[in-house]
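Colleague: I have a new model open and would like to go through it slowly with you. Could you take my questions one at a time?

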Amino acid sequence: MAVLPTEKHTSPATPHTRGGFGGWLLDPKRRGALLVTPAIAILFVMNIFPLMWSFGLSFFNYKASSQRVPRFQGLENYQDVLTDDKVWERFQTTAIIVGSSVILQLIVGFLLALLFAKAFPMRRIVLMLVLTPMMLSFVSVGVFFKLFYEPTFGVVSYVLNKISSEPFVMLGSPEGAIAGIVIADAWMWSPFVMLLVLAGLVSVPKYLYEAAEIDRASKWRTFRTITFPYIKSLLLLAVLFRTIETFKLFDIVYIITEGGPGSSTETIAVYLYRTAFQFFKTSQSSALAYIVLFIVIVLTNLYLYAVNRRAAEVD
Amino acid sequence: MARKHREIGKAGWGYTAVASVIGFIYFFPVFWIILTAFKTRTDALAVPPKLIFTPTFDNFVSVFYRASITTGTSQATDMGLYFFNSIFIAFTSVGLALIVGTLAAYAFSRYPLRGNDTYLFIILTTRMMPPIVVIIPIFLMFRLSGLAGSYWGIIFLYTAFNIPFSVWLVKSFFDELNPEIEDAARMDGATERRVFFGFCIPQILAGLSATFVFGLILTWNEFLFALLLTGVETRTVPVAMARTLGGEVGVDYGLLAAIVTLFLIPIFFVTFLLQNQLLRGVTFGTVKK
Amino acid sequence: MKTPNLKRTLMGATILAAGLNAAPSFSADITITMAAPDWPPTRFMKEHFDQTYTSPDGHTTTLDMDFIPWPSFYERVAASLTSGEQKYQMIVTDSQWLGAFVEGGYYLNLTDRINEDPELTAIMQDLHPALVSAYSTYPHRTRAQLEEAGVVPAPGVNYYGFPQFPDTYVTFYREDIFCHEGEMAAFQEKYGTNLPCTYEDWQDTDWEKWGQIGEFFLREAGDELAGETLSEPFYGIAYQAGKGYDFSTMQINAFIWQNGGDIWDESKAPEAQAEGVVNSDAAVEAFDQYLSFLQYMPPVAKTGQMDIFVEQDLYMQGKVGAIIDWVGLGEPVLDPNASTVHDKSAFGPAPGTRKDDGSIDRTGNIGGQPFVLTTWNSDEVVNEALNVVKWWLHPDTQIEAVKNGGQSGLMSVMASPEYNDLRPWNRAHVEMIDWQKDVWHIPEFFEMLTQQQEEFDKAITGQIGAKEALDAVAEFQQELLEDIGMIE
Amino acid sequence: MTIELKKLTKRFGTLTAVDAIDLNVGDGEVLCLLGPSGCGKTTTLRMVAGLEFATEGDVLLAGKRVNDLAPRDRNVAMSFQFYALYPSLTVAENLAYPLYAEKLSAAEISKRVAQVSKTLQLDGILKRTPGQLAEGEKQRVAVGRSIIRDPKCFLFDEPLSRLDVQLREEMRGEIKEVLQDLSRPTVIVTHDQLEALTMADRIAVMRDGRIEQVDTPHNVFQRPSNLFVAGFIGTPQMNLVPATLKGSDGAGIAEFAFDGGQALKIQVDPAVSQLSPGAKVTLGIRPRNLEICQDPVEDSLSTKIDMVEPMGAETLAHMNDGYRDLRVVTDWRVPLAEGDHVHLRFPPGVTHIFTEDEQVLRSAT
């Protein structure tokens, strides 16, 4: 804030008196722009510029492992990517994993939030137990869940082997492998959803619940008419954030299954990694990344549309 | 129905017991990791899995020391430095993002520009890009600017990653405040600086704390960029952690668990301290009365 | 490792950026930064360098090793090279990466240097030809092609790398079980042949017996094993069958080669085909044989996750009687802190396919890593780096390396009388190294490998059959290689 | 149907919010719980509703002990201070809300909603959500929601506190009218005595968790049973003047001495004879009962006008003789000037005497 003028009276409407460049710069008319500048500058240098760079690359046939001079080839990369069955298969896998993981996170996060919505002794401490998973690194979550699932050494396998006579080989089938990844990811990030939902629950005025109790509303009706409206926007926010992040899900998949069995758990993020770093199809991977970005932007806009429409209804 | 029921929203120790059991089940994988930190490799992989064993602190020693190949003497692993790096880099960059983001959020909220929403959306967009695609340009940029391997390089990068989140969240807090009070303060002769620091900031402190914790959680474990952009002396714990994942043996579960356990402590502590703000902060702006 | 210093680091960035490209021509201070995976063989190199190296040219030379965690090693190196960071003067590399990074212009062609420098020539002559073929040549030349030339270095061949850690896979087995009299007798009775107990027994072990061992030692909890009652299931055999990296290809290639099949042969490009070779009847039969043993292995094999580390762990925790794994992973087996079988283990050559004449073909896929020089170094740095190469490949250094958990590719070292006794697997390693061939080295190798691992994984997890998998691999490779002009 | 509270007590930790109160509300009766904030009136109401639990004592609804019943099982209707309208529902849905539990047909529900909305003039706003309503409308919806079904009793928590003065007056009338038709026991919690005086059949004045007096509005006002009630009820506040009894004649003529040497001989309740001369008492007289006269008389005090506040039809004058303040309300036409010396007459029979234990001294009627 040191850049702000120090004069005693600087209501936004008052013209500034200092002259020169400093005066021009500190003119209240420019204050908004001035305040935004540092953020935009950092973003531009660190994010937007590299993004544009790779956007440019996506129209060439550049391979980082080749000395050949890159040739401009227009939309060919986009065409290649979009007509590649492999890519569509990976998108499908990603959709399944994102969908089931986000839904599971919502359910678990929601139930946890209900659990912690009540005030009870030691809540602060018990809540920390549940918040911890999202503070772990992806790598450690991946490694230890893989160990839990391991048929010989794993805790989960050990318990299940005691119950059933068949050896537990969860990651051996495509369905099992997807489940394994979804469980690990949902375990890690349900607390995030819980936090958002809990914040919503805490914000519901208590008297509404009392009124509903007096009005003899059923639990379900109370939830539907009081609780849910209060947490709806936060739930949507949770869905938005988690969808964006799960779309990028890489480490957990790569560690737990490496995309296997076959390619049944290979998400678009893993495939992107392979294309860019293992196959060195730098340009093609940029094109694919922009398609991913496009999809996420569409999803985000759908979300924002839903939220705004609701806001319009209320007004 | 003659059973005594509880008042709405309050519960007693019985509830605590139930919640603790559920909480602990949820926590169990973490508990297992912490337990593993005290196990030898053989105990860590024992079948049946061991809950009771003779704890060893070797893993914790190995976090910081390892034996030389040739002489067998113990050498420092520099893990202490990596812990310092992680804390320094994460706190600085999240703090920086919060400051820069708060300024921008204030502007977006109070001095809307033409196309405000578009700018905001572009800012959010940078968060959606799969990171893999910007790695090569960023890597090259870092090399050209001499930022590779330096603290400031990785700090600025993380700052950039945290800005979208900070701007969006903090803006929603500012939007909740009543600008009339600020105008009233201006009428009373308060400077812009006083309006900002004296009126706005104190009111959204809880929100700022929540943003800080969220940013910290999202930054704390970042791996890919840290791997590629830090040097030997600016390396962070998640990168150093990877040395336990394979080499001469597969995953060194005990060592990994020890590092994870130690690495959990700072962020756990911060989250615990700011827990109340975390809950209050999130509600700001997102729930309309 | 140097004492970390915050201030120096903050200042160091600029100095580093400014200083690397133009190495001063008459300075006596040379720093060689080397990208190395973080594991004992490279740590030894660094420590031993600091203890023993003096520059023959009178420079003050620092070997600055950037120890990168193994699992992230490839990413870190690839990002550094392709971004043009030019940070490293030397790099430890997997042999398969040669093509990609030579074509990218990052790895330095040393052919002329080797030709001009008699010391280097001598080293190349002493290195085992299988290693030279796999670790040094690009475009790839097979051992046979090199030997045909009759001279080392062979004319018309480009040389790049030197062995940092030459690796082969051998059999790790439980002496206490395989040499248990009761078990031996029972095995003899059941199969009419002996349970391999001594090194010589393993020299005579083929895949058929490997399968019998697997079947024989498949025990439930409650069964007896070597006179003791098991509380958990026990398995006889394991080898790599993992989806990751090359963790099934390395073993499957052995089966295919031994059975008379082949992979796409880059040394015969552009005539060599993929279609019809990769999915030949011999290859399918070999792959089927590989798959047929999985049923005897620990259940993780069914998930396609039995990589080289998982089988090692299963062995070290006493869940499996014999595994085929890299010599580089042998050291922990002897470590009482990591291994429950540290005092019960012995090592033999890996099984192979019995030929009509009764001999056993053990053709295998070489492992390990060479190290290379990079292209942006000044002559002075290159010269000094080659001094380091000579120091490293000096027999005295190599013997020390072997003593400290490393391996040597020098035939003179392997032939020295003390060598076999330095580590318990050395005899098997020497025997195996003669059989080694390598997978492809072309820049597209990763794309081929990934697709192949995927198809193999489907077969391993029982989703498709051997033929289907190899057909898919062949079709993919044919198309890809035709696209890039490697097949005409 | 009745509400009975027996030795009802609520403690929060060491704090006793409600202290063993007994109270009956008859069928069709409107009882106001009146008291300053923190006196325990809301807690009492919430215990009747079942939102708080009695630490001791019983709550009986229609003769049945309901202590252990959840609010939903008590069949009470309650209107909350902040109305507690469900923000996501329309007015019509809010009104219908309590009916869902009764499993009525959709037709029946809409019939009742129509009825209530007609009674409370909500027809025009049925489709709006609470966020779009004015305060008065919200209040009416809250009332409507509580009267839409047939509960055992009605409970109102500060029903009018958020309305402006005019609206408050209007609503007072409306609510009173509605309540008369319903003829159920009703408890209204308020801190506004005007509200209590106008709406209640009886008022229970509370202080510190205890009931100080339960009586009709008239009696609470005219015959306060102790110093607290006397001081709490009535605007402007009753004058409470410490005095010493000099003597009395048994027929209620008593003489009092005041600090500063003035004395007064007035007619009070004959029970004053129970006191012996020299007893410390407090005299209570409403500002409207004091008469201003120009010349001193036997039952007058001389004082000086300190400040004059015109209140429209009346004038409030603050008097001070150097020892005590006295408030007087007179017709606006009486000319008063600040600084004037005047005499205040205590007319016979309107002065209350409170003994040292703050209880009123009054002979049984």
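Modeller: Gladly; what follows is a talk through the chains, their contacts and some local details.

Modeller: Before you ask, this is a predicted model, in which local features need pLDDT of at least 70 and side-chain atom pairs count only at pLDDT 80 or more, while totals for chains, interfaces and linings use all residues. Residues are numbered from 1 along each chain as its sequence is written, and chains are lettered from A and ligands numbered from 1 in the order in which they are written.

Colleague: What is the secondary structure of chain A?

Modeller: Chain A comes to 13 helices and 0 strands, where helices (H or I, at least four residues) and strands (E, at least two) are DSSP runs, numbered from the N terminus.

Colleague: And what about the radius of gyration of chain A?

Modeller: Chain A has a radius of gyration of 26 Å, whereas a compact globule of 315 residues would have one near 20 Å. The radius is taken over C-alpha atoms, and the globule rule is 2.2 Å times the number of residues to the power 0.38. Along the principal axes, the C-alpha atoms of chain A fill a box of roughly 85 × 75 × 35 Å.

Colleague: How many of its residues count as buried?

Modeller: Of the 315 residues of chain A, 53% are buried, a word used if 20 or more other C-beta atoms lie within 10 Å of a residue's own, with exposed meaning 12 or fewer and partly exposed in between, the C-beta atoms being placed from the backbone.

Colleague: Now chain B, what does its secondary structure come to?

Modeller: Chain B comes to 14 helices and 2 strands. The C-alpha trace of chain B spans about 75 × 75 × 30 Å along its principal axes.

Colleague: Which chains share the most contacts?

Modeller: Among the 5 pairs of chains in contact, chains A and B share the most, and two residues are in contact if their C-beta atoms, placed from the backbone, lie within 7 Å. Chain A puts 84 residues into the contact and chain B puts in 82 residues. On the side of chain A that touches chain B, helix H2 (residues 31-57) of chain A gives the most, with 16 residues. That side of chain A divides into 58 nonpolar, 17 polar and 9 charged residues; here Ala, Val, Leu, Ile, Met, Phe, Trp, Tyr, Cys and Pro count as nonpolar, Asp, Glu, Lys and Arg as charged, and the others, Gly among them, as polar.

Colleague: And how far apart are the closest C-alpha atoms of chain C and chain D?

Modeller: They lie 50 Å apart, and no contact joins chain C and chain D.

Colleague: Switching topic, which residues touch the most other members of the largest nonpolar core?

Modeller: They are Phe287(C), Leu155(D), Val187(D) and Ala204(D), in a core of 436 residues. A nonpolar core is a set of buried Ala, Val, Leu, Ile, Met, Phe, Trp, Tyr and Cys residues joined through C-beta atoms within 7 Å. Leaving out residues up to four places away in sequence, Phe287(C) touches Ile252(C), Phe255(C), Ile256(C), Ala466(C), Ala469(C) and Leu470(C).

Colleague: What is the strand order of the open sheet in chain D?

Modeller: The order of its 5 strands is S15-S19-S16-S17-S18 (chain D), with antiparallel pairing, and two strands pair if DSSP finds at least two bridges between them. Strand S15 (291-293) and strand S18 (325-331) of chain D are at the edges with a single partner strand each, so one side of each has no neighbour in the sheet. Within the sheet, strand S16 (residues 300-310) and strand S17 (residues 314-320) of chain D pair over 5 bridges in the antiparallel sense.

Colleague: What is the bridge partner of Met307(D) in S17(D)?

Modeller: It is His318(D).

Colleague: Where do I find cis peptide bonds?

Modeller: One joins Val47(B) and Pro48(B), with omega about -5°, and Pro48(B) sits in the loop between helix H2 (41-44) and helix H3 (58-64) of chain B. Another joins Tyr138(C) and Pro139(C), with omega about -10°.

Colleague: Last one, is Lys7(D) buried or exposed?

Modeller: Lys7(D) is exposed, with 12 other C-beta atoms within 10 Å. Lys7(D) lies in strand S1 (residues 3-12) of chain D, and its phi is near 45°, a positive value in a residue other than glycine. Most residues other than glycine have a negative phi.
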